[in-house]
Amino acid sequence: MTRLAHRLIALPLGFLSACAGNQNAMGGQGLESANFIVLFLVFLAVCAVMYLLVLAGLGIALRRRRDAGQANSVDEDRHEETSARTKVALIVWTGLVTVGLTILTVASFFSDRSNASSTRRSGLALTITGNQWWWNVQYDTSDPSASVRTANEIHLPVNVPVHVTLKSNDVIHSFWVPNLAGKQDLIPGRQTDIELLPRRTGVFHGQCAEFCGVQHTRMALDVIVEPLDDFRRWYAQQLATAPAPTTRLQMAGYRYFVTRECSSCHNVAGSPAGGQIGPDLTHVASRRSIGAGTLPLNRGNLYGWIADPQSHKPGSRMPTIPMEPRDLHSLVAYIETLK
Amino acid sequence: MSSALEKAKAPPADVPRDGPGLSGPVLEARLARTWGRPRGLIGWLSSVDHKDIGRRYIVTALTFLALAGALALIMRLQLAKPENDLVGAARYNEIFTMHGTTMMFLFAVPVMQGVQIYLTPLMIGTRAMAFPRLTAVSFYLYLAGGCLLWVAFILNIAPDIGWFAYPPLSGPQYGVGKRPDIWAQMVTFTEVASLAAAVTLIATILKQRAPGMSLARMPLYVWTTLVTSLMVVFSMPAVALASSLLLSDRLVGTHFYNPAEGGDALLWQHLFWFFGHPEVYIIFLPATGFVSEIVATFSRRSIVFYPVVVLSVVATGILAFGLWVHHMFATGLPRVGYSFYTAASISVSIPTALQIFCWIATLWEGRPRLQVPLLYVIGFIITFVIGGLTGVMIAAVPLDLQLHDTYFIVAHFHYVLIGGAVFPLLGAITYWFPKFTGRMMSEKIGKLGFWMLFLGFQLAFFPMHVAGIYGMPRRVYTYPAGMGLEWPNLLSSLGSLVVALAVLLFVLNMVRSALGGRRAAANPWDGSSLEWATQSPPADYNFAHIPVVESRAPLWGSRDHLPVVHGLRVDDRELLLTTVMDAVPDVREPSAQPSPWPFISSVAISVMFIGSILSPWALVVGAIPATIAMAAWFWPKGPPELEPTIS
Amino acid sequence: MTLEPRFVRDLAALPTHAFSHRSLTWWGIIGFMLIEGSAFLLAIVAYFFLMSHQPEWAPRPWLPPDLFPGTLFTVALLLSEIPNSMIKRAANAYDTNNVRRLLLVMTLIGLALLVVRGFEFNALNVRWHDNAYGSILWALLLLHTTHILTDWIDTVVLWRLMNTAHGEEPRRMVDTDENALYWRFVWISWLPIYLLIYWVPRIFR
């Protein structure tokens with residue numbers, strides 16, 4: 001799009017995104033989502049005009065003869081006649097509708113093309129795999145030892161194009177971060193993808209947008225768009241293995257974690273816990289939420305989640321395991337070290 | 001020469017026939033005996049009168065509307081505030097599945113077909129449907145499917161996979177228990193019922209129109225009935241196949257939708273939406289038929305540009321089959337293919353825009369009377385067009401990718417379904433109520449109910465556009481605070497209460513008027529079509545003599561007399577077949593007498609279908625009694641007659 | 001009637017039965033052919049859709065179905081059109097004796113075909129639960145079998161009815177004519193399915 005058009009649109013866009021929340025299609029903080037706002041407003045304008053014409057026609061038609069006060073009977077000889085003006089009006093109306101719809105189709109085409117243009121530059125690559133009801137996030141690099149694996153949270157450097165490959169381990173999910181882009185389904189047995197180009201920094205929220213079972217509502221993810229240096233720092237930290245526990249309480253928690261049920265589902269790099277069924281917990285304490293957006297991450301919620309995940313997210317795949325209070329304390333202490 | 005040939009060449013038998021020698025009250029008494037419905041419970045179950053079956057369809061469908069509406073209220077109460085705990089996750093998923101499934105399969109299509117079954121023979125000037133017993137089976141199977149679903153709900157095994165039941169969520173691995181099987185088999189019941197009704201309607205319209213009612217003189221409502229019945233014939237097999245393949249995956253281990261063994265989850269989506277998109281036009285086009293009839297009568301003139309309206313209905317019906325991929329824009333299919341579906345989805349609005357022009361032009365050139373049926377038409381235009389325009393928006397892929405699976409879509413389809421189908425339906429019920437019952441509905445209560453419904457609807461559903469844009473996905477049992485969703489949801493919930501009250505008021509008006517409303521003459525609104533030439537309510541035989549039609553508006557052409565043909569039998573059920581294009585009288589056709597075999601066959605078929613939820617062998621075993629019952633239905637009873645009868 | 005009737009024409013001389021598109025039930029049969037035809041078409045589309053996901057069809061190690069039972073069936077089915085056409089002609093000529101004889105012939109042919117069809121299921125060389133290829137092959141064969149079975153039952157009922165007093169009614173000739181029409185749909189719809197089950201898995205291996 002031309003620079004003038006950019007400027008004309010930037011001002012109201014800036015206004016809209018300032019008002020919009022962090023899971024909002026009017027945010028426009030990515031290339032695709034910004035294009036959405038423009039296209040939506042174009043459609044809204046043309047559709048509003050058509051609608052007002054219909055209402056005007058209806059209003060005038062109803063007001064016209066009501067005042068005439070004529071006899072309310074059928075004119076048996078002329079009830080099928082139509083004036084020549086009406087025939088002309090039909091042609092004009094058909095032309096108007098066709099022109100309006102053509103404008104919209106063309107606008108849609110240009111918007112689509114602009115979205116596709118971002119694929120030409122190369123940048124970051126991610127693979128996100130959907131599960132009931134959490135997101136597995138893998139940063140794809142040519143060197144496997146430089147690949148970060150995390151869950152339910154994505155960090156992205158601003159202004160760097162991102163190619164996200166989408167897969168599913170079970171049922172159909174849909175990846176949707178409205179502030180950045182439209183959605184794309186994750187379909188088992190197929191691979192789909194989505195291009196993201198975040199243009200503004202911020203903390204955004206995404207949510208699964210295809211009904212995927214009992215806890216579809218609680219399958220959210222946090223998307224943090226930050227300056228490149230901050231991103232690199234985050235990435236390096238995520239690559240590191242988990243620090244060893246230091247206090248007695250933390251060590252007790254570590255022992256519980258690697259010897260009991262936890263390690264059969266969860267992975268903590270640098271420890272014997274290597275379960276691949278559930279989210280990777282190596283740096284769980286650095287994330288913003290627990291349970292794919294179910295609870296904000298803090299000590300109290302960690303207690304509540306570990307003690308009884310089923311009461312917060314009934315039907316989720318993490319069973320409620322009865323445990324002694326001292327085990328709970330030690331586990332939380334250990335989990336808090338996993339930054 | 002065989003005796004069959006002798007009989008074929010024999011002159012007409014010497015039996016009593018209607019005509020100048022036999023007419024008036026004497027004829028009507030004999031016709032009433034011939035066409036009467038038998039008494040008692042067996043009699044009720046044996047009825048093949050299309051008016052009975054149409055009424056049963058409508059009452060059953062309105063009951064399901066109320067049940068699904070109650071579920072909607074529960075959902076709205078749960079969503080009225082963030083992080084509400086009125087309804088838990090699992091129960092909520094059952095509720096929205098039941099709401100959508102009931103509305104789409106048990107209310108919207110059946111109510112439209114029910115009205116079609118009631119009105120079509122009256123509007124085309126005949127005495128019965130083409131296959132009266134098949135029509136009866138259609139109703140019983142529909143009722144059985146609805147009961148299956150709701151009994152499951154009461155027994156706490158309701159489906160919880162959404163009304164669209166996507167695999168693998170609905171498949172054998174993730175759809176645990178029998179819930180998806182119940183859903184899939186309910187679909188089997190209702191689509192068999194719907195297909196049977198559609199075939200009957202097509203045959204009736206093509207072959208039983210009154211002499212002189214060429215295709216170009218058919219009422220617009222009959223055109224919409226013909227087009228939607230053809231759409232049913234071509235689209236319902238898709239959902240029948242899809243649900244059968246799903247049942248097969250679940251029951252006997254096939255792999256149609258299992259990607260691990262060569263199947264594809266998207267196969268379901270293609271098959272389902274190939275049905276699902278035409279389905280919404282199957283619901284909408286009959287509503288446009290209602291609108292055309294009401295606008296003409298209440299503008300005191302014929303619809304402007306009848307050929308344009310007919311062509312628009314036909315074009316919409318055909319185009320509707322080329323749009324289904326717009327439900328799949330987020331599934332990663334090739335973008336180039338998507339452009340075709342965007343263009344098609346946008347262009348399908350052009351014929352509808354033409355119909356809207358014709359309706360407004362008719363009001364403009366006519367003398368509109370603002371009574372309740374016309375109020376609903378006005379409400380329809382104001383509301384439906386918004387839904388149509390949001391539809392144009394989501395036809396564009398970049399817009400759809402943001403708005404798909406959000407409350408924006410929920411707003412869109414309620415605007416087109418409630419605005420586009422329910423408003424005209426309520427107007428139609430008010431309009432034809434005197435014909436159905438012989439009494440008028442209260443105009444005052446009707447006006448109050450209309451305004452409550454119209455305003456309540458806007459309050460309930462407009463904020464959903466905002467909720468969707470503000471990030472609220474579909475099918476969620478709650479949402480977090482702080483996203484800006486509190487106000488839209490609260491307003492929607494308040495609006496839904498107003499809508500519920502308005503519907504209740506409409507139903508109360510119906511009941512009160514049916515029991516003691518002002519008595520209606522044959523043609524209280526001065527309509528132009530043939531149904532207004534019958535009594536209110538019509539006699540069992542509809543018309544004492546089959547009418548002849550000389551124009552598109554037969555009752556406005558001849559005010560004091562009705563041209564008719566005569567010579568049909570009086571003591572046996574007989575109606576007239578005419579030629580397809582120009583309705584020239586052709587054959588005297590016997591019409592089926594009441595029989596309990598349709599009901600018995602339906603019971604046998606129901607046992608077969610419901611049994612197959614538990615075991616595939618039920619299909620084999622259950623087919624035996626079903627076959628016997630259907631053979632008994634077909635087998636002539638009693639000795640051969642002078643002229644044929646169907647007993 | 002609320003309006004006075006004005007008698008225009010006496011229709012007493014009209015016939016009480018007619019063949020082909022003048023018959024009401026003919027339109028019902030056409031309607032059912034459209035419905036079943038749509039279902040077949042969609043099943044065929046599903047076949048190609050699933051086929052597009054496989055590098056090989058029939059996927060190894062499964063072999064394509066044996067040709068003999070299916071081809072025997074096809075030949076027998078096509079030959080059955082001879083007595084079928086005869087019965088249609090006899091019905092249109094009101095020749096009840098020939099119709100009775102030929103209905104027995106069609107009943108026996110139908111029975112023989114159903115037996116061969118049983119062997120076809122055994123010769124598919126894949127089970128319905130092995131993979132999607134097996135599933136769609138069984139589905140197509142089963143759909144057509146239901147088709148043949150229902151028309152065979154119709155033929156049997158009609159044959160029994162023809163052997164009663166009702167057999168001499170002209171309407172029975174119309175029923176017979178329409179049953180013969182439906183039989184044509186049965187073999188016409190079989191031809192593409194035959195190719196899809198028996199030949200496409202050989203050609204695209």
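1. Chain A has a radius of gyration of 28 Å, whereas a compact globule of 339 residues would have one near 20 Å. The radius is taken over C-alpha atoms, and the globule rule is 2.2 Å times the number of residues to the power 0.38. The C-alpha trace of chain A spans about 100 × 50 × 40 Å along its principal axes.

2. This is a predicted model, in which local features need pLDDT of at least 70, side-chain atom pairs count only at pLDDT 80 or more, and totals for chains, interfaces and linings use all residues. Residues are numbered from 1 along each chain as its sequence is written, while chains are lettered from A and ligands numbered from 1 in the order in which they are written.

3. Nine helices and twelve strands are found in chain A. These are DSSP runs numbered from the N terminus (helices: H or I, at least four residues; strands: E, at least two). Of the 339 residues in chain A, 41% are buried; a residue is buried if 20 or more other C-beta atoms, placed from the backbone, lie within 10 Å of its own.

4. Chain A is divided into domain 1 (3-61 + 84-119), domain 2 (125-236) and domain 3 (248-337), with bounds from an automatic or database domain assignment. The centres of domain 2 and domain 3 of chain A, taken over C-alpha atoms, are 22 Å apart. Between these two, 17 residues of domain 2 are in contact with 14 residues of domain 3; contact requires C-beta atoms, placed from the backbone, within 7 Å. On the domain 2 side, strands E2 (134-139), E3 (149-151) and E10 (220-226) of chain A each give two or more residues.

5. Strands E4, E10 and E9 of chain A, in that order, form an open sheet with mixed pairing. Two strands pair if DSSP finds at least two bridges between them. The edge strands are E4 (153-157) and E9 (202-207) of chain A. E4(A) and E10(A) pair in the parallel sense over five bridges, and A:Pro157 has A:Glu226 in E10(A) as its bridge partner.

6. The contact between the chains takes 70 residues from chain A and 69 residues from chain B. Helix H2(A) supplies the largest share of the chain A side, 15 residues. By class, that side has 30 nonpolar, 29 polar and eleven charged residues. Ala, Val, Leu, Ile, Met, Phe, Trp, Tyr, Cys and Pro count as nonpolar, Asp, Glu, Lys and Arg as charged, and the others, Gly among them, as polar.

Terms used
A residue is buried if 20 or more other C-beta atoms lie within 10 Å of its own, exposed if 12 or fewer, and partly exposed in between; C-beta atoms are placed from the backbone.
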